[in-house]
Every structure is written in structure tokens, then in C-alpha cells.
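Let's walk through how two protein chains meet in this model. Have the structure open as you read.

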Number of protein chains: 2
Amino acid sequence: MAAADIERLIRLLGRLPGLGPRSARKAGLAMLKRPDALLRPLLDALATCLERVRVCEVCGNLDTVDPCSVCRDPERDPQLLCVVQEVEDLWAMERLVGFRGHYHVLGGTLSAIEGRSPETIRIAGLLERVAGGRVSEVVLALGATVDGQTTAHYLHERLRPFACRVTRLGHGLPVGGELNYLDEGTLEAAMRARQQVA
Amino acid sequence: MAAADIERLIRLLGRLPGLGPRSARKAGLAMLKRPDALLRPLLDALATCLERVRVCEVCGNLDTVDPCSVCRDPERDPQLLCVVQEVEDLWAMERLVGFRGHYHVLGGTLSAIEGRSPETIRIAGLLERVAGGRVSEVVLALGATVDGQTTAHYLHERLRPFACRVTRLGHGLPVGGELNYLDEGTLEAAMRARQQVA
């Protein structure tokens with residue numbers, strides 16, 4: 001019913017994660033109704049990002065400079081390297097943890113079922129960085145999913161030849177979490193990781 | 001943490017209805033990771049819409065032509081005028097009902113609480129169209145909300161002087177709906193609107 005141009009806009013919005021056909025229509029119409037407040041600024045921001053944002057050649061982060069501002073930061077500890085799956089995980093580490101080392105963004109996980117082999121993610125670059133010899137600890141901050149843990153095991157094997165510690169995030173009771181909502185695996189992990197009360 | 005340009009994109013996406021800060025970040029990152037598949041087509045669609053889409057001066061619909069393609073359609077019954085709140089309601093009527101008359105999009109409702117008076121929505125234009133004398137029935141297809149019904153009552157009063165029928169959508173049991181999930185108001189309305197079984 002709507003003009004072809006509007007339909008196309010709504011279809012493209014609907015391809016974004018988190019937007020179904022219904023919310024894409026709502027978002028598209030909101031922009032068209034308020035072009036100066038919504039559409040024009042977004043158009044400008046997208047054009048700017050398309051022009052300026054690039055993938056960091058060192059770590060895989062997204063930034064307007066390459067190497068990215070994290071890789072360039074001289075205050076960070078070059079001995080500490082945190083491996084994450086996606087750019088959003090890097091941002092979460094920065095926002096929530098204030099990690100002060102460097103990162104390596106794999107850009108995904110290995111997956112036997114979906115056929116994602118080591119060449120499909122940034123593993124070669126990681127090994128190269130570690131082979132450089134400055135890294136003393138690699139933190140595997142990967143998801144506690146089957147694919148995340150498969151990837152962690154694989155990376156652990158590949159990192160064995162190098163003289164660096166390999167660690168992973170601790171499992172356990174989420175802060176603020178209640179015991180009776182925990183799944184069995186997490187509760188077992190929390191039990192194994194129990195600590196002396198100070 | 002992210003570059004200012006990326007942060008701005010995410011902030012602007014978060015202003016769209018249906019996108020919270022979390023889903024805006026996800027959508028923004030998805031675009032940046034796949035610029036050719038997602039960002040560039042969306043940028044192009046937005047630019048095209050900004051350039052071409054306008055509000056129909058007759059009915060308030062959004063289209064790339066003005067008057068819009070609904071207003072221009074010679075197959076439609078000029079005696080039948082359906083009043084809706086928003087453009088999405090017009091589209092719903094077209095998609096779901098295949099209504100074959102004309103429309104008038106108010107662009108909102110009256111609201112005593114939020115202080116929206118008759119001048120803030122397209123009522124003057126509606127009265128002008130009805131005063132033109134070709135309309136024999138005005139269907140008030142407004143929401144069954146307090147504001148929607150306030151608006152319907154107000155329009156009914158303003159349309160009294162004209163020689164046209166004023167109707168509203170029927171209330172009742174939604175098709176596929178179960179009785180025990182209905183609210184009291186809807187069940188009462190359905191009871192009042194009961195019909196002879198043929």
C-alpha cells in the first residue's frame with residue numbers, strides 16, 4: 001500500500017537485529033513523520049559512520065582510527081590480552097570492568113554444527129600477536145555457551161606453545177542472583193569455585 | 001568507549017520507537033559490521049525517503065506523490081470517508097480491510113490530560129472536506145481508548161451540521177478471541193452488539 005520507497009525503508013529496517021516487521025514499520029513511520037528530528041540526524045550519522053568507521057587491523061575493534069584508540073592507548077598493559085567474541089563484548093568489558101589491557105576480537109566462535117572453522121575467525125592474528133612475545137597472560141573472555149567453550153578449548157591448545165598464562169572468566173552465581181533460579185551447571189560451577197570467607 | 005561517531009549513531013537509533021539502548025547498540029553494531037549488506041542500503045533508503053516522501057495535503061497520508069496515491073485513485077468511493085489517528089492506521093485499514101473509500105489522517109487524538117486541543121490535529125481539514133458536500137458517510141475508525149473516544153465524540157459534534165452519516169467501528173469479541181480472556185468493557189460491548197444468528 002505504502003509507496004515503494006517507504007516499503008523499502010521498512011524492509012531494510014526489519015533486517016536489523018531486534019526489529020521485527022511490526023517495529024520496523026513503527027520506526028520507519030516515526031522517522032518519516034519527524035524528518036528533522038529523527039530521519040535527517042540518523043541519515044547524517046550513518047553517512048559519517050560509513051565514511052569513517054573501520055575495523056582495527058590489530059584487534060578487530062570498530063573505531064574511526066586504525067589502529068583503534070584502545071590499541072593506541074599507551075596507558076594500557078601490553079602484557080595482558082583479553083580475547084572476546086564480538087565488538088560488543090569488548091565494549092562491555094570496557095564499560096563494566098574497566099579492563100586495562102589490550103583486546104583481541106575474534107568476530108565469532110568456532111562451531112562444529114554451523115561449520116565455522118578456525119579460518120573464519122581472527123585466530124591467526126591472535127597467535128601472531130602472542131608470538132610477538134610481549135603478552136604474559138591471555139584472558140579468554142568467551143561466552144559460557146557450547147560454541148564459546150569449544151573456541152576457548154581450541155585456543156587454549158593453540159596457545160600452549162607460547163610462554164604465557166591462559167585464563168578464563170570465573171563461573172558462578174551472578175551478583176544479585178538467587179540460588180533457586182540458577183541452572184544446575186552454574187550452581188555446580190559456583191560450588192567448585194567456592195572461596196574461603198575472609 | 002566507542003568512537004564519538006559510533007556513539008552518536010547508537011544514540012540516534014535509540015530514539016526510534018521500539019528500540020531501547022541495548023537493541024540500538026546491537027542494531028548499530030550489526031550495521032557497522034556489515035556495511036555493504038546493511039548500512040549502505042539503509043543509508044540510501046533514508047536519503048531517498050527524505051528527498052521524496054511528503055505528507056499528503058488532502059488526507060495526511062505519507063507518500064512520494066501529493067496528493068497521495070489513495071487520494072488520486074479514481075476507483076475509490078468519494079462518498080465514503082474514514083477518519084484514522086495515524087498513518088499506520090490507514091495502512092492497517094488498507095492491508096486488513098481493503099476499505100475502498102477515502103481517508104483522513106488526524107495525526108493524533110485530542111487529550112485533556114496531555115493538553116492536545118483540536119488545533120493540534122487535522123480537524124479543520126476534515127471539516128473542510130465534509131463541507132465540500134460529496135461525503136455521505138464518515139467512519140470514525142479511532143482507537144477504543146479514552147483519548148480515541150474523546151476525539152470521536154468531539155468529531156461527532158462538529159460533524160452534526162453536515163448532511164452525512166457518522167459511524168464508528170463496531171466493538172466486540174476479537175475474531176479468534178476467547179471469552180474468558182476478554183475484559184469486562186469488551187464483553188459488555190459484544191453483548192450489546194449481539195446479532196441474530198442467520
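Start with a salt bridge that joins the side chains of Glu88(A) and Lys33(B), with 2.9 Å from N to O. Bear in mind as you look at this pair that the model is predicted. The count of salt bridges between chain A and chain B is 8. Polar contacts across the interface, taken between residues that both have pLDDT 80 or more, come to 8 residue pairs.

Which parts of chain A touch chain B? At least two residues each come from helix H1 (4–13), helix H2 (21–33), helix H3 (35–52), strand E2 (62–63), helix H4 (69–72) and helix H5 (87–97). H3(A) gives the largest share of this side, 16 residues. Sorted by class, the side of chain A that touches chain B holds 33 nonpolar, 3 polar and 14 charged residues.

Now take the interface as a whole. In it, 50 residues of chain A contact 50 residues of chain B. The size of an interface is often expressed as the accessible area lost when the parts come together. Here chain A and chain B bury about 4900 Å² between them, and 76% of that lies on carbon and sulfur atoms.

Finally, how are the two chains arranged? Chain A superposes on chain B by a rotation of 180° with 0.0 Å of shift along the axis, at an RMSD of 0.1 Å. The two copies are therefore related as by a two-fold rotation axis. To find that axis from chain A, look for Leu43(A): its C-alpha is the nearest in the chain, 3.0 Å away. Both copies use the same surface, as 100% of the contact residues of chain A recur in chain B.

Key: Residues are numbered from 1 along each chain as its sequence is written. Chains are lettered from A and ligands numbered from 1 in the order in which they are written. This is a predicted model: local features need pLDDT of at least 70, side-chain atom pairs count only at pLDDT 80 or more; totals for chains, interfaces and linings use all residues. Side-chain values use heavy atoms; hydrogens and water are left out. Copies are superposed by least squares on the C-alpha atoms of residues with pLDDT of at least 70 in both. Contact means heavy atoms within 4.5 Å. Buried area is the accessible area (1.4 Å probe) that two parts lose on being put together, summed over both. A salt bridge is a side-chain nitrogen of Lys or Arg within 4 Å of a carboxyl oxygen of Asp or Glu. A polar contact is a pair of N or O atoms within 3.5 Å; within protein, one must be able to donate a hydrogen and the other to accept it, and residues adjacent in sequence count only if both atoms are side-chain atoms. Helices (H or I, at least four residues) and strands (E, at least two) are DSSP runs, numbered from the N terminus. Ala, Val, Leu, Ile, Met, Phe, Trp, Tyr, Cys and Pro count as nonpolar, Asp, Glu, Lys and Arg as charged, and the others, Gly among them, as polar.
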